[in-house]
Amino acid sequence: MKIFHIIEINVFIFVFINPIMVIKGQKSGPDSLTIWNELTDLQDLIIDLDFKNTELKDIIRLIANQYGINIFIEDDVNTRITIHLVNISLSEALNFIIQENNLSIQKSGSIYKISNIAKNDSSLTEEPELKILFMDGLISTDFENEDVRKVFYQISKITGKTIFLDDNVRGVISAYLQNLPLDKALYFITKNNGYYLTREDSIYQIRKSRLESSDQPIQSTSFFLNVHNNLIDIEVLNGDVVKILNELFQQLGLSLFLLDDLKGKVSALAYDLSLDECLNVILSSNNCTFKKMEKHYLVGSKTNKLLLSSRLIPLKYLKVDSILDMLPAIILEKAEFKIIKEHNAVLIHGSHDVLSDVEQTLHDLDQPIPQILIEALVVDYNYQDIKEISLEGGLSGGVADTSRGTGDHWFPALDVYLTGGNINQYLDKFEGYLGISSIGKLPEDFYLKVKALETIGKANIRSKPQIATLNGYPADITIGQTQYYILTTQTPIRDPSQLYIQETQQFHTIEANITLQITPWVSASGEITVEIHPEFNNPVGQFSSEVPPTIQRRALNSTVRLRDGETIVLGGLIQTIESVNKFQLPILGSLPLIGKLFQSTNHRNMKSELIIYITPHLSYIGNSASME
């Protein structure tokens, strides 16, 4: 038999990791794998081997002496050879010599025996070794229509693994493999030849399906089912459900109870399934289900109440109150649901396949929910420009002016308050300078105010609220005060003799708040869409409990899209107040030039602008990394 035969040039090649062997022009001697198995221990390197027309016995004797190995050569080996080899391993050199000269080699302990093919053991020629090579955990095979028991005996012998064969494992098999791990090689050999392979620890068991008659050919198997490492491979076309279930549980060593008369066929091609997944594949198309009870399985119709079971599914991220609204109606119809708030879980009662579908759906829904922290910096810029020039005089009536501080101001603003006594003192000094006996006296309650000032101010009122919420949920924050005022109501009441007026008073409230409302959404790309509604309500003027206060309201509605950590500026809420108040004496205040002395002017210019800086920060509670 030829290994890896390339037709075009009739060359046979084996490639291994260590060493590398190339065999050309195979002759009618022992096969190369058999010889190679005998020589794998000889790894010494031959630097130069050069002989011309020399007895092979002399060459072998020289090699044995040089490398310290025991080699016995039959007397009838009289071949003379010419050879020149450089930088080659000892095993490759001997293998080449033996192959080219139609010789055979056998190893007995530490002694190698070389002989002609004709003198070789007749048992070996009649029943040659199989072409199986095992090295560094990898196995290569090349055989066709070989006895199955002989093949696995040889594999067990060269690998040192324990392999059990059932009595019904008989027949011939074929396999052509190269450099495969042992487990995978055994799996493909058994699968493609109609056998089943199971493994427990380091022990392998190979058997044929007991559902097949002993005289039926292996190739006529209608389905293939194999259990390996607690995983199941199934290949079936219109297979009988009961036969497949019996074979499956027989391989697993588990108990199976059929509660109903199962009739139906199944077609499936699947690999590496768990037992529950495999049962769902087999039973779902036949309106059947199963129930697990420790190591026993009950199988029957979905209408059988004995097969219904309950399962409690806790939720990690979602609130259980709203979970039923998220499930499709077709799922809700197939099972009974009960909300368990204490465990944030949902209890489901139904068949196994429905429970599995619901559990998978809930797992898909119950994902980490993005949490968004919004940092809002609110800046209120106020500009003031006030100009006031006034001259005011009169009689105070003995009431002191408490609206101003103590002392007069001459610089940088002029703010002087003079009484009648102060002015009389100045007039007395003025009379002395002028030599006038008496100008006159002013009353003591006379006053004179002189004011000339300009105020320019800039005030920044800042607030920095922070608010956090879950994806898709609104959140708001309110900071402010509640003011009360009295509302008086008069109600007329008439009786037969007279009319009464009934007066009632009630306290009413009015809010002066700073409110920030947000609703964020996080897209799959990680961008955050935020609906923002800030509102600022500020009272105007002095508060009085007798009248409702005037509220200045500024609000903004905006929808923006940002990335995590980006900042956006929202502005444009500008308010301007400009007022001019002029007081003057009639006629005198209108005179040119001197009319300013009889006027009082107050010019007020106020401007305010509200600017909001929004910065979102994204995090996933319960997950170490953000979703991509």
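## A nonpolar patch on the surface

Ile 587, Leu 591, Leu 593 and Ile 594 come together as a nonpolar patch on the surface, with about 450 Å² of accessible area between them. Patch members need over 30% relative accessible area and no salt bridge; nonpolar side chains (Val, Leu, Ile, Met, Phe, Trp, Tyr) are joined within 5 Å, like charges within 9 Å. Areas come from the Shrake-Rupley method with a 1.4 Å probe, and for residues only the protein chains shown count as cover.

Leu 593 sits in the loop between β33 (568–584) and β34 (599–620). At 81% relative accessibility, Leu 593 is exposed (over 50%; buried is under 20%, partly exposed in between). Helices (H or I, at least four residues) and strands (E, at least two) are DSSP runs, numbered from the N terminus.

## How the model was read

This is a predicted model: local features need pLDDT of at least 70, side-chain atom pairs count only at pLDDT 80 or more, and totals for chains, interfaces and linings use all residues. Residues are numbered from 1 along each chain as its sequence is written, and side-chain values use heavy atoms, leaving out hydrogens and water.

## Salt bridges

Searching the whole structure turns up eight salt bridges (a side-chain nitrogen of Lys or Arg within 4 Å of a carboxyl oxygen of Asp or Glu). In one of them, Glu 55 pairs with Arg 80, with the closest N and O atoms 3.2 Å apart. That pair links distant parts of the chain, strand β4 (residues 45–55) and strand β6 (residues 80–89), 25 residues apart. Glu 55 is partly exposed at 24%, and Arg 80 is partly exposed too, at 45%.

Asp 353 and Lys 302 also meet, at 2.6 Å from N to O. Here helix α11 is linked to the loop between β20 (296–301) and β21 (309–314), 51 residues apart. Asp 353 is buried at 12%, while Lys 302 is partly exposed at 26%. Elsewhere, Glu 527, Arg 561 and Arg 563 form a salt-bridge network.

## Helix α11

Helix α11 (residues 352–365) has 14 residues and reaches 20 Å from first C-alpha to last, close to the 20 Å expected (1.5 Å times one less than its number of residues). Its buried residues include His 352, Val 354 and Leu 362.

## Aromatic pairs

There are three aromatic pairs (ring centres within 6.5 Å; planes under 30 degrees apart are stacked, over 60 edge-to-face, the rest tilted). Tyr 187 and Phe 188 have ring centres 5.3 Å apart and planes at 65°, so they pair edge-to-face. Ring pairs also join Phe 249, Phe 290 and Tyr 297 into a cluster.

Methods
Rings of Phe, Tyr and Trp (its six-membered ring) pair if their centres lie within 6.5 Å; planes under 30 degrees apart count as stacked, over 60 as edge-to-face and the rest as tilted. Buried means under 20% relative accessible area, exposed over 50%, partly exposed in between (1.4 Å probe, protein chains only).
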